[in-house]
Amino acid sequence: MALWRSFVGRKALMAATGLVLFVYVLAHMAGNLQAFEGAARLDRYAEELHALPVLLWAVRAILLVAVGVHVAAGVDLWAFRRRARPVEYRDWRPAGSTPASRTMAWTGLLVLGFVVYHLLDLTFGVANPDFRTGEVFHNVLASFGRVAAVAFYVAAMVGLGFHLWHGLYSASQSLGVGGRALSPGIRRTAAALATLVALGFAAVPLAVLLGVIG
């Protein structure tokens with residue numbers, strides 16, 4: 001609560017929770033890519049995740065808290081900036097900012113909406129046209145056999161890439177990592193990691209739609 005009461009503290013909380021979520025995203029991407037090894041490997045991976053329910057629910061609890069704090073801090077900081085400048089510039093031209101930094105709020109909303117849909121699709125099966133409990137590979141094929149689902153998935157991954165591009169760089173600044181000399185390198189690394197994640201996640205739905213996986 002002491003951190004939350006200050007602007008700098010909220011930025012630090014947002015950065016820390018963002019890094020927690022980024023680590024999860026990397027692990028989730030690595031798990032997803034096992035779809036290229038076939039049904040047996042992906043279904044076994046899913047079974048292994050559920051082998052230790054206590055650990056699984058502990059991770060879910062950590063992620064839920066991280067998402068809650070990250071979203072709340074993001075909304076609060078956005079509102080703070082809006083209050084600081086209630087009137088928009090009449091003739092504004094971006095200087096020194098990236099497309100990723102200028103679209104953080106929108107890409108954040110896109111990713112949040114996608115997470116809800118993704119859970120309904122491949123976890124709860126509500127949005128999946130042929131959901132079968134425990135058959136992860138089959139559910140992936142059923143979902144990504146639809147052009148609209150793949151288009152939304154890929155668009156969300158582009159949004160995630162943009163969000164990570166600025167988010168990783170901004171997190172390093174908020175947590176005091178690096179200085180002016182390291183800043184360009186950190187920005188390039190953030191862009192590279194964001195691109196890797198976006199391509200890694202988009203690879204599976206595109207491969208299913210194109211018949212590479214099936």
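A residue is called buried when its relative accessible area is under 20%, exposed when over 50%, and partly exposed in between (1.4 Å probe, protein chains only). Buried residues make up 34% of the 214 residues in this protein.

The structure is a predicted model, in which local features need pLDDT of at least 70, side-chain atom pairs count only at pLDDT 80 or more, and totals for chains, interfaces and linings use all residues. Residues are numbered from 1 along each chain as its sequence is written, and side-chain values use heavy atoms, with hydrogens and water left out.

**Overall build**

The protein has 8 helices and 0 strands. Helices (H or I, at least four residues) and strands (E, at least two) are DSSP runs, numbered from the N terminus. The C-alpha trace spans about 50 × 40 × 35 Å along its principal axes. Of the contacts (heavy atoms within 4.5 Å) with a separation of 6 or more, 69% join residues 24 or more positions apart.

**The core**

A nonpolar core is a set of buried Ala, Val, Leu, Ile, Met, Phe, Trp, Tyr and Cys residues joined through side-chain atoms within 4.5 Å. The largest one here has 28 residues, and Leu-160 and Phe-201 have the most contacts inside it.

Leaving aside neighbours within four places in sequence, Leu-160 is in contact with Val-25, Val-111, Val-197 and Phe-201.

**Helices H1 and H8**

The axes of H1 and H8 come within 9 Å and cross at roughly 35°. Axes are lines fitted to C-alpha atoms, for helices over the stretch in contact, and angles run from 0 to 180 degrees between N-to-C directions. On the H1 side, the contact is made by Phe-22, Val-25, Leu-26, His-28, Met-29 and Asn-32. H8 brings Leu-193, Leu-196, Val-197, Gly-200, Phe-201 and Val-204.

**Ser-174**

Is Ser-174 buried, exposed or partly exposed? Ser-174 is partly exposed, because its relative accessible area is 22%. This residue is found in helix H7 and touches Lys-11 and Ala-15, not counting residues up to four places away in sequence. Ser-174 and Phe-201 are 27 residues apart in sequence and 27 Å apart in space, C-alpha to C-alpha.
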